[in-house]
Amino acid sequence: MSLPNDDAATLSARWSQGVLLKRDVFSTVERGRFRADDGEVEGVLRRLDQVPFWSFALALHLFSRERRALTLARDLEVGPRLLWAGKRALVRGFIDGVALHLAKPHGDVAYFRSAKLALRKLHRAGICHNDLAKEQNWLVGRDGRAYLTDFQLAACFKRRSRLFRIAAYEDLRHLLKHKRSYAPEALTPMERKVLARKSAFASIWLKTGKKVYQAITRGLFNFTDREGGGRRLVNDAPVLVDLIRRNPDVRDTAIVAFADRRVGVGLYAFVEADQAALEKTLRNELAAAKGIKPPEHIQVVHALPRDAAGKPRTEILQLVAMNQIDLIEPMMRSDADREFLKDILEQRKNLRDRFNFEVAEMDKLAR
């Protein structure tokens, strides 16, 4: 599907392509720069021109829902600001922050206080998000505040009907589930009651509608969205990790997914070992293992970044793989982290999608 002439002309004149964030059967999402009326700003573009014909009708429906919700929420400052919208493409403002599953705000009570306030603003405007169970739809801003993104399933209401109240309740319950994961000690008695009580609609959905939805998306559309990684991260990555760890020179490995303009979703393997030349050996070993596609990129590093429990910090590796370099600095906790990151960035493999300010950001991290 091609873009309408008006959409194509606007994007050609005002959009500068940057980093590909995601591509699936419903849209292509990329980060870049948009020339607004008051100057050039960072933005995120969703476009439908690479959507296959068999999913186009649903993709257009989801696009229309997002466009309407962002139009209504334009001045709420709880999500991305709508900068421009056409018939099959839209540009929303870029929020300087990282997704909840990457930021992991353990014990950050202020964050969840701001998240509840953001949700209250959204509901007062008659908007229910309807997809807040996904941690990637919650952002932790550089300012510490909570922001929401991805409004494709959002519903807009003109009055506070029963359906609105049910949807708003489920939005709140999903927020509290995240709060329970990261700041359980801050849950109030009332919030615990909300967590313990699903709406009747949600209970019925889990038993019926969700199964149909998963059958369609995972079966018919072959679509899986675990933290944006798709089926390869779900199915292939664990097998590849096991194969890589069989090499005696490998101490550990971590595999993350990234959007790729050629293959849709690519895999990036970070391998902890001492020999940089090990990459070629591993590629040969994985190629010899029939039935599974090797990662697009393999990078040998002296040490993987680790959390207090000793587990690899995949949230950092994810951003490296996606070339979201400018979002990493707030996540650095020590000089050792910064030294490691300097080494890993200088040797990284995925260099096709890059911003012009990337070098400056690397210098900042190195300092």
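**Entry 1**

I'm working from a predicted model here, not an experimental one.

Next I checked helix H9 (residues 278-288), which lies across S12 and S13 and runs at about 140° to S13.

Then the sheet itself. I read it as an open sheet of 3 strands in the order S11-S12-S13, and the pairing is mixed. S11 (252-260) and S13 (297-301) stand at the edges with a single partner strand each, so one side of each has no neighbour in the sheet. From one strand to the next the twist averages 20°.

I also looked up how S11 meets S12 (residues 264-272): the two pair in the antiparallel sense, over 9 bridges. Asp260 stands opposite Gly264 in S12.

**Entry 1: the largest nonpolar core**

Which residues touch the most other members of the largest nonpolar core? I got Tyr111, Leu122, Ile127, Trp138, Leu148 and Phe151, out of 35 residues in that core. Helix H2 (56-72), helix H4 (109-124), strand S8 (138-141), strand S9 (146-148) and helix H5 (162-182) each supply at least two residues of this core.

Leaving aside its neighbours within four places in sequence, I find Leu122 in contact with Ala73, Leu76, Val78, Ile127, His129, Leu148 and Phe151.

There is also a second, separate core of 28 residues; Ala99, Leu317, Val320 and Phe340 are among them.

**Entry 2: H4**

I checked the length of H4 against expectation. Its 16 residues at 1.5 Å a residue should span 22 Å, and I get 23 Å between the end C-alpha atoms, which agrees.

For burial in H4, my list reads Tyr111, Phe112, Ser114, Ala115, Ala118, Leu119, Leu122 and His123. What covers these residues of H4? I noted that the cover includes helix H3 (100-103), strand S7 (127-128), S8, S9 and H5.

H4 is followed by Gly126, and I read a positive phi there, near 85°.

**Entry 3: H11**

I ran the length check on helix H11 (residues 335-346) too. The 12 residues of H11 should span 16 Å at 1.5 Å a residue; the end C-alpha atoms are 17 Å apart, which agrees.

In H11 I find Asp337, Phe340, Leu341, Ile344 and Leu345 buried. These residues cover an arc of only 130° around the axis, so they sit on the same side of H11. Which residues are exposed on the other side of H11? I have Asp335, Ala336 and Glu339 there.

I noted Lys104, where phi is near 50°, positive in a residue other than glycine. Lys104 lies in the loop between H3 and H4. I put Lys104 down as partly exposed because its relative accessibility is 31%, given that the class runs between the buried limit of 20% and the exposed limit of 50%.

I noted Asn130 as well: not a glycine, yet phi is positive at about 70°. Asn130 has its place in the loop between S7 and S8. With a relative accessible area of 33%, Asn130 goes down as partly exposed.

Technical notes
Residues are numbered from 1 along each chain as its sequence is written. This is a predicted model: local features need pLDDT of at least 70, side-chain atom pairs count only at pLDDT 80 or more; totals for chains, interfaces and linings use all residues. Side-chain values use heavy atoms; hydrogens and water are left out. A nonpolar core is a set of buried Ala, Val, Leu, Ile, Met, Phe, Trp, Tyr and Cys residues joined through side-chain atoms within 4.5 Å. Buried means under 20% relative accessible area, exposed over 50%, partly exposed in between (1.4 Å probe, protein chains only). Helices (H or I, at least four residues) and strands (E, at least two) are DSSP runs, numbered from the N terminus. Contact means heavy atoms within 4.5 Å. The expected span of a helix is 1.5 Å times one less than its number of residues. The arc is that of the directions from the helix axis to the C-beta atoms. Two strands pair if DSSP finds at least two bridges between them. Axes are lines fitted to C-alpha atoms, for helices over the stretch in contact, and angles run from 0 to 180 degrees between N-to-C directions.
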